[in-house]
Each structure stands twice: as structure tokens, then as C-alpha cells.
Amino acid sequence: MMIDGVLYPGVIKEKEVAQQQYQKAVSRGQTAGLVKASGRKTEKFSVSVNIAAASKVTFELTYEELLKRSFGKYEMFIKVNPKQLVNKFEIDVRIFEPQGISDLEAEGTFISNELLPVVKKSFSGKKGHVSFSPTIDQQRTCDNCTTSLLQGDFIIKYDVNRDSPSNFQMINGYFVHFFAPKNLTHLPKNVAFVIDVSGSMYGRKIAQTREALIKIVEDLKEPDHFNLILFESLVSTWKSSLVQATPENVNEAKQFIETITDKGTTNLHDGLLTGIEMLNRAHQNGTVSARSASLIIMLTDGRPDGNLERIYNTARNTIQGKYPLYNLGFGYDLDYGFLDKLAKENNGLARRIYEDSDSALQLQGFYDEVANPLLTEVTLQYPENAISDVTQNSFKHFYDGSEIVVAGRITDNDVNFITAEVNGHGAFEDLTFSEQADVEETAKALEDQKYIFGDYIERLWAYLTIQQLLEKRATTTGYEKSNLTAKALEMSLKYKFVTPLTSMVVTKPEDNAEKEAIADKPEEATHAALQSYSYKSPPSTMYTSVDGDPHFIIAVPQKEDALCFNINEDPGIVLNLIRDPITDVTVNGELIGEEMTSNNAAPHSTYFGRLGIANVQLNLKLEVTPQKIILHNGLIQTTFTWLDEVTLRNSGWTLKIIKKKSLEVSLGTGARFMVILHQAWRKNGVLLDFLGFYTVDSHRLSEYTHGLLGQFFHPIDFDILEVHPGSDPEKPDATMIVKNNQLTVTRGWQKEYTEDIRHGTNVPCWFIHNNGEGLIDGTYTDYIVSDLF
């Protein structure tokens, strides 16, 4: 950080130590920065910055990245979202590849036809260049507009000349070996598709799964074998064993996929076991080729029933390292850590499939990565007397368009050549690739490049080693886990890497005089990682409420935060919001739906259109609709409309109607509620009148109060961990620990209408998916009641 003209470099420290140093600086009102890993991965970061009053700060972040080769290209993504017009905006990318560049592409998701000529690219020999530097006028969304077109991804793809399958890079006693053979025959593959069809896959998820599976099955080649295993409470299969992907079988499979529906719970254990045993039988019976690649692709959106350790043990003992398991986690409310560990223990990996409009394409995209195996049981060997500390050098499968990367240390300073022998099972025979690289010549080719870090290969070796230590750590316990943690931490500190165990902190050295003069201010909120997302704290006056279609907002004052969730149910359903058996206060709400469309499709949203507020002790019932308010007080019934402006007081209750706006109810117990009237706002697409319900005061209700809202009148605690970018750049995801549950939640906001009934006020909150499951006691269906009173 350049603070008032003075440069202060970042320092890598243990995560907790760095956090404490950063918070201490923040508490003193000083400029400080913190960079930490988001979640379990080493390639995702969050940046927190505190700027002292009246100071000028320039923040510069330099990072190194190992580009992944996928579909035959290296890809570099540059996120572009300045949110304003920029006087001098420039992307300048310079590429150096010792093998020579074979092709180079540059594109942007935001690039219009007018901006296309601004993207300049060229390559020759070992060097490539891409630049993008639009003027302010070219950035505008329209003439004289102040909004920017620049929002999206700028993507650079390129590949290198491959005269041989291998490429070595060496500097200062370390090497990296890139292996990507070409012109190999694809192996037949045997795929067990294990698909979650439990009730939580209802709606768009199951539709997108069907869409993706049909495309995937269509892409199978005739030598391939496959089957479809569906699991919910029970397990069902399309066929009793793997079958060949003949045109007839593919067509029959597509017809079967069209019939897939959702129901039941999540019996993942038996579904996975069925898929594994099916592959085992196919190999034992010889129905699949010995020279083929077998794999399991499992898709789930929920948390499995039963004991997780049992699932781990079953998978490990039945797969026995024979084929990889790929886990695709669909949506938010799942145990991604479980899927990640399960996959890594079985030579695979986990991927999250986001609930976007392109989920089907995401599923197909992953499948395409593993659709064309070229080799199985790949091992890379180096001379033991010259090489040590080699990173992972054995791989279950090698897929077309990808690349194997191995790094190591050269221990023999006098060695002139490094040799590598790569062995793997091919489509027709076992293959061996022998490669040799001149140490001096290879090193010289890199040393002259001013934009190549002098020790970058050693750092690449360290990066891969740390990454593999962390992955192994995730699947171990006890002493072994502690030992792996210690090694990963030691290397992270030595090589100055931000990892899940370390963070980078930048603070201005303390000045004693300044220290005495500046009064301490409260420490930054626990969720420092959210600073970069520019969310404001919830308003000081915030209600536990339900409004909209329907959005529940739970105020958590001790956290200076809020939680929120939606309930998705059909019109006519009545939900219990508050129930106190001691004071006899009950509040129920009936859902109404949007107008039916011409084709009688189900309504997209539901709202509260009828509320019942009752207090048996006071002999009081209130029935509230968007048209009228009916007061039942003993044998007396009085009807009001929203055009009335009236205040009624009784010895035990007060009723106040504010014309066309709200109803306030105060009960003798001390409970106070507010009902907001929403009249049809056709510009917003809402075509019906509905109600919002707000709790103004609940402290005198008893400790036995419950209901969808009432259960949150008691203190609730939660922790937010691993904040990381979500599918929406403006709404990060995180892991929440609440009520001994681990949930994936999303930062967002809901509308609160007590101050501005027309437009509402945005309340930032952590959104709990899947009808609040894991946050509310039980499931939302437990709160369905038969009638309003």
C-alpha cells in the first residue's frame, strides 16, 4: 500500500495473527489491508481495506497463477467491473512461452461490435500480446451516459507448439514438467451416472438435470458403456447393468430420462453403492474392455441421509482406487465439504453447479472435460539420484485437452540433463514416453525474460506441494492431520503464500504520539471479508418480519446483522407465524397467489393475503385482508376498511389504522405488531394486493413462543466462515454454522417497508436456501395449520 507517498509492503503471517494485527489497526482508525484465502481453495481471495481519514492510498496487488489447460487451451480470466467510467482503463497482457505460441484468442463477455476493434492481439514465436484500452466515450452505454459497458469477463485463451508430449522449465535448481501428448486414440469409457432425484430437486433443478443428461447421453460414443442410477428414499436403475451406447440404447435412455421425477429423501449411500457395484460387476464379468476408463459421476443437491463416515468407508472399500468419483454439488443447501472429501478420497474431484439459467450447460461443461480419456494409470518417473521432493506424479486418468503438471527439486548440481519416463495404458497398448531436457539451455531460455520471476519455478513447486498437503489434510484426522497442517503452514510462511492457513496484512507502523492521540474505536465487525462487497450494516431499527413473496427477515441485533429465507408453497396454505401457549397469542397467515396465466400455469409467487391475530385471554380476534379489517371482540363484530383513520383502545388492547398504509396492534401482554398494506404496483409486476407483517415488540411474550417467526424472538447465534464469490458477483456465498448445522448461505438483501411503503428499504442479510431448512426448527411443513384461527 502506498500511504501518503510511503510504500508499505504486505507481510504473510498466520491467519489469526494477521487478523488481529489488521483489526488492531482498524480499531485505531489507521489505514490497513488484509488479503486472505476464501474457503478451502488456494486460488480464491477476499480483500479488506480500511482507509484512515484524509489519507491518500494506492493499493496494488501482485499475484501469481498457474493457468489450467482445458479443452486444449490455457485460459486466463480477468474480471472487469469498474462500476464507473475510467479516464485511463487498460488491460495489457504479455505472454512468453518457450515452446512457441500456436494460437491466441481474446474476447470479452461485455465486448460489443463497437468495442471489438479496441481488442488488439498478436503473437509471433515465443511471445504474444493482447491489449484493450477503450476511451471514456467507448466505455459509455450510450451517448452522454455515465454508466459503463465494462462489466463481465475478459478471457484470453492460447496454446503452445507441441513438437513433443513434454515440456520442461528449469531455473535455480527446480524444474516443472508439463505433459500433454497429442494424436492418441480415445479410450472407451464406462460411466455410472448416479443422480439425486429426491424431493429437493423439484422444479428447475430436475428439469435442467434432464436437459443436461439428454445432451450427455447423445454425446456418448458407441464403444462406451453406461447406466443411470437414480436415488431418493429408494434406488432405481434404468438397466440392471452397464449397457453399450448403441443408437438404440441411447434413444431408449433419452426416453427414460424424460420420465425422471423428484420424490422422497436423499439415500445417497445406497445410490452410490449401486453405481460402484455395477462398475465392479462389469469388470469382473468382462462386459467392458480392459482397456477402457471407468468413472462415476454423481449429482446431488442435498445432504445425505445417514452417517457420513459410513458413506466414506463404503466408497473407499468398494472402489478400492480402481476408478475416480466425480461429485457435482447442485445448488446451495448441501454439504460441499463432504462431497469434496468423498471425491478426493477416491481419485476424483468435486464441483459446485450454480442454480443459474445455465446450470444444464455447467453440467455438460464438466462432462465434456472428462468425456475423452486418452490414458489410464499414468505415472511420471525421474532419476532418483538427481531429483527429489517431486509433487504428485501418478494419475488415474489423463483426458484429452488437459495437461499434467509435476514439479520437483534438482539435487545434483552437476547434472546436465533431466530425463522423464511417462507410462500409461492406452487404447491398444501400454505406452511409454521418454523425454530429456538440457538443464543449462532450458534455464537460459527463461532467465532473459524480465517479466518472469527469477524464482517462479521454485515457487510453483512450493505452491503445488502446499496444495497437495492441504488436500491430503482434508481427508485425514489426528496426528497425521496436525503434521500435514504444520508442514503446509511452514511452507506457506517460507514462500509467502496466502493460503487457508495464512493471510497477508499491510499496516502502517505504529507511531507512539499518534497512538496516544487517536481514541480507540470499536473493532471491525467479525465478517471483515465482506468489506470488499460494499454492504451497509442493517438499519438500527429492524423488525423480525415477513413481507413480499413471502420473505422472512430475522433481526439478530447482537450480530448487527440479519438472516432471511423464503417459503415456497401453494396459495390457500395457512402458516403459523407466532404461537405462545402461555399468553395465548397466535398469529397465522394465509397465502394467496398471483393471477393465473392464460395457460393455467401455477403462479410464480405467493404472498400473505389474510392474517389472523388472536389473543384468547383478551377474547380478541382480528381478521386482516387487503380489503378490510374485521374485529371480533367477544360477541361484538366490527368491520373497518383501509380508508378509515381510527384508533380504538380497550383495557387490554389498542388498535390503530393509518389510512391506506398500516395497522398497529398492541396487546396487553406487551406484544406489538404492525401490518403493512401493499396495493397493486403494476409497474413492479405484482398484480394483487397483499400484506406484510412486522413484530415491533415481543419481549413480554413467553419463552415458549414458537412459530416461523416466534421461534426467533429468542436469541440465536451463528458463525459465518469461508466467504467466497457466488454465482452473482454482487452476492457472495459463505458457510454458516447455526444450530449445529453447516449451511451454504448467500449474502443478499430483502425489502423492509415500515419507513417507505412504496419502495421499501434494503436490509442486508444472509439468505438461507431451501425454505430455511437448517435454520428453522424442523421443516416449514411443520408450520402448516388448518385455518386462520
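About 100 Å³ of space lies in the largest cavity. The model is a predicted one, in which local features need pLDDT of at least 70 and side-chain atom pairs count only at pLDDT 80 or more, while totals for chains, interfaces and linings use all residues. Residues are numbered from 1 along each chain as its sequence is written, and side-chain values use heavy atoms, with hydrogens and water left out.

A cavity here is a set of points, on a 1 Å grid over the protein atoms alone, where a 1.4 Å probe fits but cannot get out; lining residues have an atom within 4 Å of a point. Grid points are joined across faces, edges and corners, and the volume is the space filled by probe spheres set on them. The structure holds one cavity of 30 Å³ or more. Around the largest cavity sit F193, I195, T209, A212, L213, I216, I297, L299, L328, L363, F366 and Y367. At least two lining residues each come from β16 (189–196), α3 (204–219), β20 (293–300) and α8 (359–369), and α3 gives the largest share, with four. Helices (H or I, at least four residues) and strands (E, at least two) are DSSP runs, numbered from the N terminus. The lining counts 11 nonpolar residues, one polar and no charged; Ala, Val, Leu, Ile, Met, Phe, Trp, Tyr, Cys and Pro count as nonpolar, Asp, Glu, Lys and Arg as charged, and the others, Gly among them, as polar.

Next come the helix pairs. The axes of α3 and α8 come within 8 Å and cross at roughly 30°. Axes are lines fitted to C-alpha atoms, for helices over the stretch in contact, with angles running from 0 to 180 degrees between N-to-C directions. The contact (heavy atoms within 4.5 Å) involves Q208, T209, E211, A212, K215, I216 and D219 of α3, together with S359, A360, L363, Q364, Y367 and D368 of α8. By class, these split into five nonpolar, four polar and four charged.

Helices α6 (308–319) and α7 (336–344) pack at about 20°, axes 10 Å apart, so α6 is roughly parallel to α7 (angles under 35 degrees count as roughly parallel, over 145 as roughly antiparallel). Their contact residues are six nonpolar, no polar and two charged.

Among the contact residues are W461 and L469 of α10 and L484 and M491 of α11. That contact divides into eight nonpolar, three polar and five charged residues.

Key: 1 Å grid on protein atoms, 1.4 Å probe; cavity = no way out; pocket = protein on both sides within 12 Å on 5 of 7 lines; lining within 4 Å. Parallel < 35°, antiparallel > 145°, perpendicular 65-115°, else oblique.
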